[in-house]
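Me: I've got a new model open and I'd like to learn how to read it. Can you take me through a few features?

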Amino acid sequence: MRVTPDLEGLSPAQLVFLAERAATRGNGRISLTTRGNLQLRGFEEQAAKRFASDAAGQGLGLADPEREARRRLLFMSPLAGIDPACAPDTLLVARELEAALTSPQQSWQAPEKYSVAVDGGGFIPSGALRADLMLRHEDGVWCLYRGAERHASNREALVPLVLERLASSASAANAGRPLHQAPPFKGAIPRLLGAFLPGSFGAVAIMGEISASGFRAIAEAEARVRVTPWRGLVMDRPVAAPDLIAGPSDPRLALTACPGRDGCGQGLASTRQDALFLAPFLKGRRLHVSGCAKGCASRDSSDVTLVAREGGYDLICQGTTRDHPVETGLDVEDVRRRLCRA
Ligand code: SF4
């Protein structure tokens with residue numbers, strides 16, 4: 001079950017609803033995605049069917065699936081309206097775009113996996129949000145990026161311009177995603193951890209997942225929460241909750257893992273459990289543990305990558321799951337010994 005929170009985040013009541021559904025109908029875990037969405041897994045068919053309308057009743061999405069699919073295209077700087085250095089009209093632009101996308105008058109269907117970002121810059125530098133269509137505030141003007149193409153636009157023309165580009169993308173579904181042609185972001189994204197701006201407190205979910213009890217703890221603290229595209233949370237008050245890291249020295253910040261065999265039919269190892277076991281031995285290195293060669297959790301290079309196979313882990317140094325292993329057939333204790341030696 002995928003949930004796209006409102007642009008201004010999740011209320012305590014919505015957190016309680018999600019915690020209750022994850023605990024009683026799902027697998028008790030809530031994943032954070034790289035588009036600032038939430039994913040609940042493990043639902044049976046009937047519970048899954050009821051979820052969307054119940055969630056809509058809580059203000060978590062629209063009951064009409066076509067309008068909801070178009071709403072889900074959109075994400076926004078998670079600090080819009082919070083960070084004084086983020087363009088002041090970022091939230092307004094995003095709301096106007098949301099209203100246009102979800103209008104019953106729109107008849108096109110959202111291209112698969114497409115995304116539209118409204119990036120107001122500021123504490124999180126402009127360009128950090130990656131999407132197929134990117135509205136960026138640069139040097140005092142809004143620009144629309146599609147792949148490598150840049151188009152500066154006046155404020156009034158912004159929303160019609162995005163709609164026109166989206167409608168043409170929808171009718172050319174095989175043209176490929178502009179995101180894959182966009183130049184990479186070369187700046188540094190500041191960590192949103194602890195108190196990073198007045199009234200803003202950041203935390204990162206360990207390997208992008210929070211338990212239902214973690215969500216409940218945030219709700220009990222009456223925090224309002226935004227989910228970031230970096231699998232973290234921005235809250236309006238400090239909250240200590242299970243599965244959340246709020247300090248920069250926690251070695252679990254260096255972990256990436258897919259669900260592995262505990263959440264995916266193709267998984268050949270308990271990836272998250274093994275990653276947590278290895279965390280104290282990393283000495284500053286980044287670790288990616290993948291349940292198979294597909295490498296769903298990350299396409300980026302890591303200092304240490306483990307790929308589960310029938311006969312044990314492949315070990316790859318300074319590479320991705322697609323690179324050649326330096327050793328094969330390792331169990332997690334073998335890997336621990338090698339990490340301690342290196
Ligand atoms: S990498 Fe393999 S095991 Fe992990 S989530 Fe993807 S398909 Fe499943």
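Predicted model: local features only at pLDDT ≥ 70, side-chain atom pairs only at ≥ 80, totals over all residues.

Me: How do I read a pair of packed helices?

Reply: Two packed helices are described by the angle between their axes and the distance between the axes. The axes are lines fitted to C-alpha atoms, for helices over the stretch in contact, and angles run from 0 to 180 degrees between N-to-C directions. Take helix 1 (residues 12-24) and helix 6 (residues 212-220): their axes come within 8 Å and cross at roughly 160°. The two helices are therefore roughly antiparallel. The cut-offs: under 35 degrees is roughly parallel, over 145 roughly antiparallel, 65 to 115 roughly perpendicular, and the rest oblique.

Me: Which residues make that contact between helix 1 and helix 6?

Reply: From helix 1 it's Pro12, Leu15, Val16, Leu18, Ala19, Ala22 and Ala23, and from helix 6 it's Ala212, Phe215, Arg216, Ile218 and Ala219. Contact means C-beta atoms, placed from the backbone, within 7 Å. By class, that's 11 nonpolar, no polar and one charged residues. Ala, Val, Leu, Ile, Met, Phe, Trp, Tyr, Cys and Pro count as nonpolar, Asp, Glu, Lys and Arg as charged, and the others, Gly among them, as polar.

Me: And what does glycine 28 touch?

Reply: Leaving aside neighbours within four places in sequence, glycine 28 is in contact with Ala22, Ala23, Ser211 and Ala212. Glycine 28 lies in the loop between helix 1 and strand 2 (29-32), and is partly exposed, with 15 other C-beta atoms within 10 Å.

Me: At what angle do helix 4 and helix 5 pack?

Reply: Helix 4 (residues 90-101) and helix 5 (residues 158-171) pack at about 45°, with axes 10 Å apart. That makes helix 4 oblique to helix 5. On the helix 4 side, Val93, Glu96, Leu97 and Ala100 meet Leu158, Val159, Val162 and Leu163 of helix 5. The classes there are seven nonpolar, no polar and one charged.

Me: What should I look for in phi angles?

Reply: Most residues other than glycine have a negative phi, and most peptide bonds are trans. Lysine 113 has a positive phi, near 65°. Lysine 113 is found in the loop between helix 4 and strand 5 (116-119), and is exposed, with 10 other C-beta atoms within 10 Å. Arginine 231 also has a positive phi, near 60°. Its loop runs between strand 12 (225-227) and strand 13 (232-235); with 19 C-beta neighbours inside 10 Å, arginine 231 counts as partly exposed.

Note on methods
Residues numbered from 1 in each chain as written. Helix = DSSP H or I, 4+ residues; strand = E, 2+ residues; numbered from the N terminus. Contact = placed C-beta atoms within 7 Å. Buried ≥ 20, exposed ≤ 12 C-beta atoms within 10 Å, placed from the backbone.
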